[in-house]
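Biologist: I've got a model open on my screen and I'd like to learn how to read it. Can we go through it feature by feature?

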Amino acid sequence: MGDNFISIVIPTYNERDNIVPLVERISRTLNNHNYEILLVDDNSQDGTVDVAAKLAEKYPVKVLVRANERGLATAVLHGFKYARGNVVGVMDADLQHPPEVNAALLKAIENGADMVVASRYIPGGGCPNWGLTRRIISKGALSLAHIFLPSTRQVKDPMSGYFMFRRDGLDQVEFKPIGYKILLEMLVMGKFQHVVEVPFIFEDRSSGASKMKARQQIDYLKHIFSLMRRKGELKRLLRFIGVGLSGVIVNEGILWILTDLVGIRYYISSLGAIEASIISNFILNDYFTFADRRTGKIGSFFSRLLKFNVVCAAGAAIQYGILVLLTSVVGINYLISNLIGILIAFIWNYFFSLFWTWK
Ligand SMILES: Nc1nc2c(ncn2[C@@H]2O[C@H](COP(=O)(O)OP(=O)(O)OP(=O)(O)O)[C@@H](O)[C@H]2O)c(=O)[nH]1
Ligand SMILES: [Mg+2]
């Protein structure tokens, strides 16, 4: 038995038939530890609260009922307020999160992690019973987080609802989650230094109904947007777009000067104009868009410049390839093809700027 006191916070909404096996299995798993289980219920009408109250007679269970609020993430935050443990865990009530994995989570905390995520996306983990559509939606949502919120890249599964952490990481942090993904909020806004993952298999829901609805996908996008705004990532994206547009002006200007004033053939001067716009974009991005990621050394300045050139050259090739492919092969109007090419090249450039040039 360690010195830790563990609070397991579990949001419930109409989970009557799941909570008895849930609490029994957690208790067996944490048998040798000091722990409490907090069920945060949003006034379920199926008798969940009565069953939970009965469980509290036998197990260290507390039931918190919110009468006028709904929402998974805020329910979890509500549970944090009442959690007494120095270590806090979060999991679903529907047995999709096997309670036995809590042992591995706790072990990771005891070994020095500040936060440990039960992960579907590392070797040993998975969701074998998911259909293709749910897989694609989940991976798509994951990529959005990884691209636009760099701090989520420390884990492969920032969307998991099953995790454990040291309570200190919550100190003096304000959380404003929207929707379901409380871990996402905590990874981006919290202060967790050492974050690790352990694998788990996401089981089928054993009983009761899913609360997953289309609404959640929209809430997710809103949440990503809100986190981007709070972390300055939205500003970064807008700056990158602004710098890109300024590059168009530089490109046109230099092309005009070299062709009209200097008298070079346009297909030669265009090469100079392209390079000039890449360099001006680079300098603006280095001092403006990625100021927080720039390292002072002159050598790394040139290595970033080189990387940026490589990325832009590949981006231009992609843009050109899409233009030709969509126009000649698919038969789309060339101006629309070009626009799609520009958009995809833009995403390419931004992605590699974040992940490589200014990583
Ligand atoms: N307190 C509270 N709990 C909720 C709410 N919505 C969902 N939950 C609980 O949060 C957990 C996850 O919800 P699920 O509906 O299982 O979501 P999911 O696992 O993504 O979807 P399925 O795979 O279909 O089960 C379960 O324990 C639910 O009971 C809510 O509005 N309030
Ligand atoms: Mg579920």
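Biologist: Let's start with a helix: about how many helical turns separate Arg215 and Asp219 in α7?

Modeller: About one turn, because the two residues are four places apart in helix α7, which covers residues 214-230. Keep in mind as we go that this is a predicted model. The side chains of Arg215 and Asp219 meet in a salt bridge, 3.5 Å from N to O.

Biologist: Which of those two is buried, and which is exposed?

Modeller: Burial is judged by relative accessible area, with buried meaning under 20% and exposed meaning over 50%. Arg215 has 56%, so it is exposed. Asp219 has 9%, so it is buried.

Biologist: Okay, let me zoom out. How many helices and strands does the protein have?

Modeller: Eleven helices and seven strands. The C-alpha atoms fill a box of roughly 90 × 50 × 40 Å along the principal axes. Of the 359 residues, 45% are buried. The accessible surface is about 18,200 Å², and carbon and sulfur atoms account for 61% of that.

Biologist: Why does Arg84 count as exposed, and why does Glu36 count as buried?

Modeller: Arg84 is exposed because its relative accessibility is 57%. Glu36 is buried because its relative accessible area is 2%.

Biologist: Where do Asp157 and Arg120 sit in the chain?

Modeller: Both are in loops: Asp157 between α5 and β6, Arg120 between β5 and α5, with 37 residues separating them. They form a salt bridge whose closest N and O atoms are 2.9 Å apart, and both partners are buried.

Biologist: What about the inside of the protein? What should I expect of nonpolar side chains?

Modeller: In soluble globular proteins, they tend to be buried together. In this model, the largest nonpolar core has 58 residues, and those touching the most other members are Ile8, Ile10, Leu22, Ile26, Ile37, Leu105 and Met164. Helix α4, residues 101-110, gives this core its largest share, five residues. Apart from it lies another core of 27 residues, including Val76, Leu77, Phe163 and Phe192.

Biologist: Which residues does Leu22 touch, leaving out those up to four places away in sequence?

Modeller: Ile10, Met91, Asp92, Ala93, Leu95 and Pro99.

Biologist: And is Ala118 buried or exposed?

Modeller: Buried, because its relative accessible area is 0%. Ala118 lies in strand β5. Beyond its sequence neighbours within four places, Ala118 is in contact with Val101, Leu105, Asp157, Ser160, Tyr162, Phe163, Val198 and Phe200.

Biologist: Now the outside. Which residues make up the nonpolar patch on the surface?

Modeller: Trp256, Ile257, Leu261, Val262, Ile264, Tyr266, Tyr267 and Ile268, with about 850 Å² of accessible area together. Helices α8 (233-262) and α9 (266-289) are the elements that give two or more residues to it. The largest share, four residues, comes from α8. Take Leu261 as an example: it lies in helix α8 and counts as exposed because its relative accessibility is 56%.

Biologist: Last one, the metal. Which protein atoms are the donors of the magnesium ion?

Modeller: For a metal, look for N, O and S atoms close by; here the protein donors of ligand 2 are Asp94 (OD) and Gln96 (OE1), at 1.8 to 1.9 Å. Both residues are buried. Water is not among the atoms, so the site may look incomplete. Asp94 also turns up in a network of salt bridges that links it with Glu15 and Arg205.

Notes. Residues are numbered from 1 along each chain as its sequence is written. Chains are lettered from A and ligands numbered from 1 in the order in which they are written. This is a predicted model: local features need pLDDT of at least 70, side-chain atom pairs count only at pLDDT 80 or more; totals for chains, interfaces and linings use all residues. Side-chain values use heavy atoms; hydrogens and water are left out. Patches are made of residues with over 30% relative accessible area and no salt bridge: like charges are joined within 9 Å, nonpolar side chains (Val, Leu, Ile, Met, Phe, Trp, Tyr) within 5 Å. Accessible areas come from the Shrake-Rupley method with a 1.4 Å probe; for residues, only the protein chains shown count as cover. A salt bridge is a side-chain nitrogen of Lys or Arg within 4 Å of a carboxyl oxygen of Asp or Glu. Buried means under 20% relative accessible area, exposed over 50%, partly exposed in between (1.4 Å probe, protein chains only). A nonpolar core is a set of buried Ala, Val, Leu, Ile, Met, Phe, Trp, Tyr and Cys residues joined through side-chain atoms within 4.5 Å. Contact means heavy atoms within 4.5 Å. Donors are N, O and S atoms within 2.8 Å of the metal (3.2 Å for Na, K and Ca); water is not among the atoms, so sites may look incomplete.
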